[in-house]
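Biologist: I am new to this one and would like a guided look. Please put it up, and then I will start asking.

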Amino acid sequence: MYEYESEINDADLKKVGLELMFMTPEKSSSDEGVTAVELAKMVDLPVETVKKKLVILKDCEIVRVKGINPKYWKFDNYKFQRMDENDEVYKLLCCFDDVDFDRYFQY
């Protein structure tokens with residue numbers, strides 16, 4: 001399956017995952033998804049950190065990747081909805097206690 005340190009409170013993974021989960025077409029430069037560099041700017045994290053978190057999400061099969069250079073990343077909502085509810089990553093992304101939804105939505 002995937003290798004994930006059991007850090008249930010991985011704030012960087014949560015930032016990256018939620019940003020992809022609530023990604024709208026207007027936020028990315030391509031219909032294919034978003035690049036790691038674009039995503040790093042959105043979540044204000046180093047590109048290398050974002051790439052590591054994307055690999056974790058890809059290993060969980062909730063993020064798809066297209067292309068080689070650049071790689072475009074896209075959230076797979078279908079597979080996310082079918083994840084095991086006891087999965088550490090699923091629990092992390094479903095915990096909305098400290099999430100500011102204004103960051104993702106315009107009312």
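Modeller: A term to begin with: helices (H or I, at least four residues) and strands (E, at least two) are DSSP runs, numbered from the N terminus. What you see is a predicted model, in which local features need pLDDT of at least 70, side-chain atom pairs count only at pLDDT 80 or more, and totals for chains, interfaces and linings use all residues. Residues are numbered from 1 along each chain as its sequence is written, and side-chain values use heavy atoms, with hydrogens and water left out.

Biologist: In what order do the elements of the chain run from the N terminus on?

Modeller: You will find five helices and two strands in the chain. Followed from the N terminus, they run α-α-α-β-β-α-α.

Biologist: What percentage of the 107 residues of the chain count as buried?

Modeller: Buried means under 20% relative accessible area, exposed over 50%, and partly exposed in between (1.4 Å probe, protein chains only). With those cut-offs, the buried part of the 107 residues is 38%.

Biologist: Which residues have the most contacts inside the largest nonpolar core?

Modeller: A nonpolar core is a set of buried Ala, Val, Leu, Ile, Met, Phe, Trp, Tyr and Cys residues joined through side-chain atoms within 4.5 Å. The largest one here has 29 residues, and those with the most contacts inside it are Val16, Leu20, Val50, Leu57, Ile62 and Val89.

Biologist: Which element gives the most to this core?

Modeller: At least two core residues come from each of helix H1 (11-21), helix H2 (36-43), helix H3 (47-59), strand S2 (72-75) and helix H5 (88-94). With five residues, the element that gives the most is H1.

Biologist: Which elements do the buried residues of H2 pack against?

Modeller: H2 has Ala36, Leu39, Ala40 and Val43 as its buried residues. They cover an arc of only 105 degrees around the axis (taken from the directions from the helix axis to the C-beta atoms), so they sit on the same side of H2. The elements they pack against are H1, H3 and S2.

Biologist: Where is Glu61, which has a positive phi although it is not a glycine?

Modeller: The phi of Glu61 is about 65 degrees. Glu61 is partly exposed, with a relative accessible area of 46%. Its place is the loop between H3 and S1.

Biologist: How many salt bridges does a search of the whole structure find?

Modeller: Side chains of opposite charge can pair when their charged atoms come close. A salt bridge is a side-chain nitrogen of Lys or Arg within 4 Å of a carboxyl oxygen of Asp or Glu. Over the whole structure, the number found is four.

Biologist: How many residues apart in sequence are the parts that Lys53 and Asp10 tie together?

Modeller: These two side chains meet in a salt bridge at 2.9 Å, N to O. Lys53 is in helix H3 and Asp10 in the segment before H1, so the parts tied together are 43 residues apart in sequence.

Biologist: Are Lys53 and Asp10 buried or exposed, and which residue does Lys66 meet in a salt bridge?

Modeller: Lys53 and Asp10 are both buried. Lys66, by contrast, is partly exposed at 49% relative accessibility. The residue whose side chain it meets, at 3.2 Å, N to O, is Glu32.

Biologist: What separates Lys51 and Glu48 in helix H3?

Modeller: Their side chains meet in a salt bridge at 3.9 Å, N to O. Lys51 is partly exposed at 38%, while Glu48 counts as exposed at 51%. Being three residues apart in helix H3, they are separated by about one helical turn.

Biologist: How many disulfides does a search of the whole structure find?

Modeller: A disulfide is a pair of cysteine sulfur atoms within 2.5 Å. A search of the whole structure for such pairs gives zero.

Biologist: How far from Cys94 is the nearest cysteine sulfur?

Modeller: Cys94 is in no disulfide, and the nearest cysteine sulfur is that of Cys95. The distance to it is 9.0 Å.

Methods:
Contact = heavy atoms within 4.5 Å.
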